[in-house]
Amino acid sequence: MISVGIFTGYYPYTLAETIERAKKDGMSCVQLDLEFKDIDLSRGHITKEKAHQVRDAFRDANLPIVAISAYTNLVHKDPDVREANINWVKEILAHARDFGTPYVVSETGTYHDDDWLYDPKNATEEAYQEFKAVAEDLAKFAYDHDAVFLIENYVNNIVGSVQRTARLLHEINHPGIGLMLDPTNYYDDSNIDDVDPTLYDIFNVLDDKVKVAHAKDCKRAVDTGTKFGGGSAEHNSFRGAGAVELPGAGLGVLNYELYLTLLKKNHPNIPIIIEHIEEEDIPRAKKFVDDTLRKVGA
């Protein structure tokens, strides 16, 4: 059966209270955000001892860590910031197994000043090659540390479409890289009003690269600005930009029965991680995902 979890960052508390609340909400796994009120896991402050403390606390609670968040702009226009961002992902990759999982996740970057907005340069071959070089480096570094770098594409970033995601993973073709699957990240003004064909494309082309899945939703936006909600880190508070909003699971137009039916075929035991919600909405989102999984027999 598919297990349902959540980003730990939606519980902005101490390590113990985060675990307590996740258990109370019925989660069976988590994607780890390196943010707890009683442990400093910021850049340059991760140690094996701290990682083991976090790992053991989640293991004792029977709440496996299935991936670690390392969301950052890996092609930042400022070369010093870019280097610092890449080194931060490497810091997490080097300690991933200490936290109990091989998987470390980041977006694919943008040349816009806002990490979540589109820049015309993102669509160029130059941008693709620039990110590809970064991704190849991270894949090799991950492999050397018994880890896997997962890309999470987003339509406004350099790697946004099914085709560009497939090209990147095919050309790198390395055991140190994989895909964090979030189908809502492939929608823009061109396909948001007819979601099913893109879902089929995603699974027909990318299914063998998927390691972990996400559960949020998508719908046509009322306004085209960048939208944020609750959550500590920016990736936890982001709610969409441009033509598409990205609300919690069950609050948009994504065909969840089709999504989970396609997901379960070749990934019957994959973890799916709830996101893009406020803390008070967690029980509703969890019930929606559970009910849909039950309906499709997953």
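Reply: Start with burial: buried means under 20% relative accessible area, exposed means over 50%, and partly exposed lies in between (1.4 Å probe, protein chains only). Helices (H or I, at least four residues) and strands (E, at least two) are DSSP runs, numbered from the N terminus. In helix H5 (residues 162-172), the buried residues are Val162, Arg164, Thr165, Ala166, Leu168, Leu169 and Ile172. The model is predicted: local features need pLDDT of at least 70, side-chain atom pairs count only at pLDDT 80 or more, and totals for chains, interfaces and linings use all residues. Residues are numbered from 1 along each chain as its sequence is written, and side-chain values use heavy atoms, with hydrogens and water left out.

Me: What do the buried residues of H5 pack against?
Reply: Contact means heavy atoms within 4.5 Å. The buried residues of H5 pack against H4, strand E5 (148-151), strand E6 (177-181) and helix H6 (196-206). Just after H5, Asn173 takes a positive phi of about 45°.

Me: Why is Asp146 called partly exposed?
Reply: Its relative accessible area is 48%, so Asp146 is partly exposed. Asp146 is found in the loop between H4 and E5. Its phi is near 60°, a positive value in a residue other than glycine. Most residues other than glycine have a negative phi.

Me: What makes His276 buried?
Reply: His276 has a relative accessible area of 5%, so it is buried. The residue lies in the loop between E12 and H9. Phi of His276 is near 60°, again a positive value in a residue other than glycine.

Me: What makes a set of residues a nonpolar core?
Reply: The members are buried Ala, Val, Leu, Ile, Met, Phe, Trp, Tyr and Cys residues, joined through side-chain atoms within 4.5 Å. The largest such core here has 104 residues. Those with the most contacts inside it are Val54, Phe58, Phe149, Tyr259, Leu263 and Ile272. Helix H4 (residues 125-144) gives the most to this core, with eight residues.

Me: Which residues does Tyr259 contact, leaving aside neighbours within four places in sequence?
Reply: Tyr259 is in contact with Leu181, Pro183, Leu199, Phe203, Ala213, His214, Leu254 and Ile272.

Me: Why is the pair of Phe7 and Tyr10 called edge-to-face?
Reply: Rings of Phe, Tyr and Trp (its six-membered ring) pair if their centres lie within 6.5 Å; planes under 30 degrees apart count as stacked, over 60 as edge-to-face and the rest as tilted. By this rule the count comes to six aromatic pairs. Phe7 and Tyr10 are 6.2 Å apart centre to centre, with 80° between the planes, and form an edge-to-face pair. Phe7 is buried at 0% relative accessible area, and Tyr10 is buried at 3%.

Me: How do you know that Tyr256 and Tyr259 are edge-to-face too?
Reply: Their ring centres are 5.6 Å apart and their planes 70° apart, an edge-to-face pair. Being three residues apart in helix H8 (residues 256-266), they are separated by about one helical turn. An α-helix has 3.6 residues a turn, so residues three or four places apart point the same way. Phe203, Tyr256, Tyr259 and Phe288 form one aromatic cluster.

Me: What does H8 pack against?
Reply: Its buried residues are Tyr256, Leu258, Tyr259, Leu260, Leu262 and Leu263. They pack against E6, H6, strand E7 (210-215), strand E12 (271-274) and helix H9 (282-296).

Me: What makes a charge sit over a ring?
Reply: NZ of Lys or CZ of Arg must be within 6 Å of the ring centre and within 35 degrees of the ring normal. The charged end of Arg21 sits over the ring of Tyr13, 4.1 Å from its centre. Lys121 lies over the face of Tyr111, at 4.3 Å from the ring centre.

Me: Why is Asn191 called buried?
Reply: Asn191 has a relative accessible area of 13%, so it is buried. Asn191 lies in the loop between E6 and H6. Its side chain reaches the backbone nitrogen of Asp188 at 2.8 Å. Not counting residues up to four places away in sequence, Asn191 touches Tyr186 and Thr198.

Me: How many disulfides does the structure hold?
Reply: A disulfide is a pair of cysteine sulfur atoms within 2.5 Å. The structure holds zero. Cys29 is buried at 1% relative accessible area, and Cys218 is buried at 0%.

Technical notes. A polar contact is a pair of N or O atoms within 3.5 Å; within protein, one must be able to donate a hydrogen and the other to accept it, and residues adjacent in sequence count only if both atoms are side-chain atoms.
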